[in-house]
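User: I would like to learn how to read a protein model. Could you take me through it step by step?

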Amino acid sequence: MIKLNINNREYQVEAAADEPLLWVIRDRLQMTGTKFGCGIGECGACTVQIDGEAVQSCQVEAGDAVGKKITTIEGLPENHPVRNAWLEKEVPQCGYCHSGQIMSAASLLAKKPKPTDSDIDEAMAINICRCGTYPRIRQAIHHAARKKA
């Protein structure tokens, strides 16, 4: 049994400490907004925030997340500027990777409110979009940054 703080709520979960956090979130807690992509930390579909840092949950053992604040796409407010920008700039095509993309973008803007193109490219490098919506992702992040200011 491990205790996790996810989206500002405490959960007691029957899980092994070495179980990937992704499976605890998706399979045990039924928070399916966090997606399984590659399972080897290459695509970023499973990105969540731990203590504000964007991390790939398939590469984090649940036991290593104990005592930390985990935020999934379900925990990001509906009116968050990044979510709004994603809609206003019509970023998603298939949409599969976008919960992870949004979590990375929100983490970036929390740390760097006015990112450059280079900052965006660096922060978003952990996320792959097979539809190739990178220009719209960059536009949406700049748009969200302007709205937050």
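User: At what angle do the axes of helix 3 and helix 5 cross?

Analyst: Let's begin with the general idea. Axes are lines fitted to C-alpha atoms, for helices over the stretch in contact, and angles run from 0 to 180 degrees between N-to-C directions. Helices (H or I, at least four residues) and strands (E, at least two) are DSSP runs, numbered from the N terminus. Here, helix 3 and helix 5 cross at roughly 40°, and their axes come within 11 Å. Angles under 35 degrees count as roughly parallel, over 145 as roughly antiparallel, 65 to 115 as roughly perpendicular and the rest as oblique. Helix 3 and helix 5 are therefore oblique to each other.

User: What kind of model is this?

Analyst: This is a predicted model, in which local features need pLDDT of at least 70 and side-chain atom pairs count only at pLDDT 80 or more, while totals for chains, interfaces and linings use all residues. Residues are numbered from 1 along each chain as its sequence is written, and side-chain values use heavy atoms, with hydrogens and water left out.

User: Which residues of helix 3 and helix 5 meet?

Analyst: Contact means heavy atoms within 4.5 Å. From helix 3 come His 98, Gln 101, Ala 105, Leu 108, Leu 109 and Ala 110; from helix 5 come Ile 137, Ile 141, Ala 144, Ala 145 and Lys 148. To sort them by type, count Ala, Val, Leu, Ile, Met, Phe, Trp, Tyr, Cys and Pro as nonpolar, Asp, Glu, Lys and Arg as charged, and the others, Gly among them, as polar. This contact of helix 3 with helix 5 then has eight nonpolar residues, two polar and one charged.

User: How does helix 2 pack with helix 5?

Analyst: Helix 2 (residues 81-88) and helix 5 (residues 134-148) have axes 8 Å apart and pack at about 130°. That makes helix 2 oblique to helix 5.

User: How do strand 1 and strand 2 run?

Analyst: Strand 1 (residues 2-6) and strand 2 run antiparallel, joined by five bridges. Leu 4 stands opposite Tyr 11, and Ile 2 has Val 13 as its bridge partner. The two strands form a hairpin with two residues between them, and Asn 7 in the turn has a positive phi of about 55°.

User: Is Thr 133 buried or exposed?

Analyst: Buried means under 20% relative accessible area, exposed over 50%, partly exposed in between (1.4 Å probe, protein chains only). Thr 133 has a relative accessible area of 2%, so this residue is buried. Thr 133 sits in the loop between helix 4 (117-123) and helix 5. Setting aside neighbours within four places in sequence, Thr 133 contacts Val 91, Gln 93 and His 98.

User: And where does Pro 20 lie?

Analyst: Pro 20 is in the loop between strand 2 (9-13) and helix 1 (21-28). With 26% relative accessibility, Pro 20 counts as partly exposed. Pro 20 and Ala 62 are 42 residues apart in sequence, yet 5.6 Å apart in space, C-alpha to C-alpha.

Note on methods: Pairing = 2+ DSSP bridges.
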